[in-house]
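Trainee: I would like to go through the terms used for this model and see what each one rests on.
Mentor: Then ask about each label, and we will set the value against the definition.

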Amino acid sequence: MGWLTKILKGSSHKISEEHFHCDHNDDEVNWEAARVSRGSSDFDREEIDRAIALSIAEDDEKGKKVIDTDSQLEEDEQLAKALQESFNIESPPPQLEHGSLFAPFQFLDPSRYRICAGCKSQIGQGRYLSCMGAVWHPGCFRCRACDQPISEIEFSMMDDHPYHKSCYMELHHPKCDVCKNFIPANAGGLIEYRAHPFWPQKYCPSHERDGTPRCCSCEKMEPVDSRYLHLEDGRKLCLECLDSSIMDTHECQPLYLEIQDFYEGLNMKVEQQIPLLLVERQALNEAIEEEKKGHHRVSETRGLCLSEEQIITMVSRRPRIGGYRILDLFTEQYRLVRQSEVTAILVLYGLPRLLTGSILAHEMMHAWLRLKGYPTLDPKVEEGICQVLAHMWLDSEIAGASASAAATSSSSSSNSSQPSSKKGQRSQFERKLGEFFKHQIETSSSPVYGDGFREGIEAVEKYDLKRTLDHIRLTGCFP
């Protein structure tokens with residue numbers, strides 16, 4: 001119908017904006033609407049009548065048939081009434097008795113739709129925190145570590161979880177294994193620390209310069225609250241290494257026999273009885289000075305195969321220990337007599353059994369090469385093949401200890417006595433210590449001992465030990 005279109009186009013009233021203000025009283029919100037200015041309702045009725053009349057007139061002019069029946073009039077009146085009611089909806093309602101407008105409209109209150117990311121309930125009008133892209137009740141924003149609320153302005157984040165700064169530091173900031181404090185940052189703001197290449201130990205760089213003791217065997221930095229044994233020659237031995245240490249010449253003889261049996265098992269039996277002596281560091285250094293052949297030595301020598309006659313001060317009995325110090329060290333003089341190319345094997349006293357054994361296996365190889373008439377070899381070749389034998393002996397000991405431990409665990413546990421660390425079943429630390437001594441041999445940076453071992457073990461694994469030794473005898477180098 002044309003009249004409907006005209007009415008919609010002709011209705012151009014502007015509705016003023018509705019203004020609201022909010023009052024907070026005891027967490028209740030009262031919303032009040034301002035009055036709205038509208039046109040007169042009489043004007044609306046007049047416009048409707050005029051539009052209907054205009055529409056009928058237009059139909060007559062176009063020659064259209066106008067149906068003037070009661071049903072048609074009734075339909076037109078219903079449409080006009082519906083349109084009028086639509087205008088009345090936009091008109092302001094009558095005032096209520098108390099003087100305000102219609103009942104307050106339920107406008108959206110943002111506080112009613114704040115959901116706590118912690119407990120998943122509504123926050124309401126109370127205090128709340130906004131962080132990490134969400135809102136929280138103050139008591140729901142908690143530290144991932146201690147599960148206590150975080151009330152500080154600053155906090156730490158890890159894997160999308162909040163932490164107290166102190167809790168985060170406790171969990172993730174590295175602590176020194178020596179002084180037990182947090183490792184400080186350097187001048188550039190970075191956390192710098194030293195880490196042991198084998199043991200899971202990290203410490204402040206300053207401990208390498210402040211006299212912090214380091215075990216002469218396992219080479220671990222000793223924590224400030226730990227105890228260790230002071231040896232007479234200035235070395236320090238941790239209590240774990242002390243447990244399997246060999247302290248005098250007599251105590252070392254059973255281990256010496258085991259090394260001889262190991263060589264015999266390789267068809268490399270040493271026929272001559274070579275004296276084995278355990279000595280202090282000073283006696284070992286003096287013997288090195290007296291040795292005329294002057295084989296290549298590392299800065300810290302712990303064993304020596306002698307070829308010259310000398311008088312050696314050996315440790316004859318186990319020293320008396322008290323208050324973590326050597327109180328009495330029992331020594332005596334031993335004269336070496338040259339009966340062959342080898343006069344004695346010297347080993348530093350006070351080292352754990354596995355380290356003492358690997359040194360013995362190394363020096364025994366020097367003796368075997370000389371007694372078998374091998375020519376003077378390049379230090380890299382001779383020290384390299386000696387390190388190979390030391391590594392092989394450690395391998396056999398660790399494998400034997402593992403088999404012994406497996407057999408013990410499957411047998412009856414009625415015997416509750418602790419196993420000896422000198423012979424038989426090894427402690428867990430001692431097995432780990434054996435792995436460390438192997439690691440030292442394998443990763444040595446020495447061009448003589450380290451590179452020599454790596455070339456030697458490669459040749460032995462490729463050609464076997466016997467053919468490698470035959471090639472060394474003929475050519476003086478590894479195959």
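Trainee: Why is Ser-396 called partly exposed rather than buried or exposed?
Mentor: Buried means under 20% relative accessible area, exposed over 50%, and partly exposed in between, with a 1.4 Å probe and protein chains only. Ser-396 has 33% relative accessibility, so the label is partly exposed. Ser-396 is in helix H9 (residues 379–410). Helices (H or I, at least four residues) and strands (E, at least two) are DSSP runs, numbered from the N terminus.

Trainee: How far is Ser-396 from Phe-262, in sequence and in space?
Mentor: They are 134 residues apart in sequence and 9.0 Å apart from C-alpha to C-alpha.

Trainee: What kind of model do these values come from?
Mentor: The model is predicted: local features need pLDDT of at least 70 and side-chain atom pairs count only at pLDDT 80 or more, while totals for chains, interfaces and linings use all residues. Residues are numbered from 1 along each chain as its sequence is written, and side-chain values use heavy atoms, with hydrogens and water left out.

Trainee: What do the totals for the protein chain look like?
Mentor: Of its 479 residues, 36% count as buried. The chain has twelve helices and 17 strands. Contact means heavy atoms within 4.5 Å. Among contacts between residues at least 6 apart in sequence, 57% join residues at least 24 apart.

Trainee: What makes Ile-472 buried?
Mentor: Its relative accessible area is 1%, and the limit for buried is under 20%. Ile-472 is therefore counted as buried. Its place is in helix H12. Leaving aside neighbours within four places in sequence, Ile-472 is in contact with Tyr-374, Leu-377, Val-381, Ile-385, Cys-477 and Phe-478. Ile-472 and Pro-375 are 97 residues apart in sequence and 9.2 Å apart in space, C-alpha to C-alpha.

Trainee: How do you know that the buried residues of H12 line one face of the helix?
Mentor: In H12 (residues 465–475), the buried residues are Leu-465, Thr-468, Leu-469 and Ile-472. Seen down the axis, they fall within an arc of 95°, so they line one face. The arc is that of the directions from the helix axis to the C-beta atoms. The face turned away from the buried side carries the exposed residues Lys-466, Arg-467 and Leu-474.

Trainee: On which side of H7 do its buried residues lie, and what covers them?
Mentor: In H7 (residues 281–290), Ala-283, Leu-284 and Ala-287 are buried. They cover an arc of only 100° around the axis, which puts them on the same side of H7. Gln-282 and Glu-289 are exposed on the other side. The cover includes strands E12 (276–279), E13 (303–306), E14 (311–322) and E16 (344–348).

Trainee: Why are H11 and H12 called oblique?
Mentor: The axes of H11 (residues 449–463) and H12 come within 7 Å and cross at roughly 120°. That makes H11 oblique to H12, because angles under 35 degrees count as roughly parallel, over 145 as roughly antiparallel, 65 to 115 as roughly perpendicular and the rest as oblique. Axes are lines fitted to C-alpha atoms, for helices over the stretch in contact, and angles run from 0 to 180 degrees between N-to-C directions. Ala-459, Val-460 and Tyr-463 in H11 meet Leu-465, Arg-467 and Thr-468 in H12.

Trainee: What makes H6 and H8 oblique to each other?
Mentor: The axes of H6 (residues 249–265) and H8 (residues 353–371) cross at roughly 50° and come within 10 Å. H6 and H8 are therefore oblique to each other. Residues making the contact include Cys-252 and Leu-255 of H6 and Arg-353 and Thr-356 of H8.

Trainee: Where is Lys-120, and is it buried or exposed?
Mentor: Lys-120 is in the loop between helix H3 (70–90) and strand E3 (129–131). Its relative accessible area is 61%, so Lys-120 is exposed. Lys-120 also has a positive phi of about 65°, although it is not a glycine. Most residues other than glycine have a negative phi.

Trainee: Why is Asp-147 called partly exposed?
Mentor: Asp-147 has 47% relative accessibility, so it counts as partly exposed. Asp-147 lies in the loop between strands E4 (134–136) and E5 (156–158), and its phi is near 60°, a positive value in a residue other than glycine.
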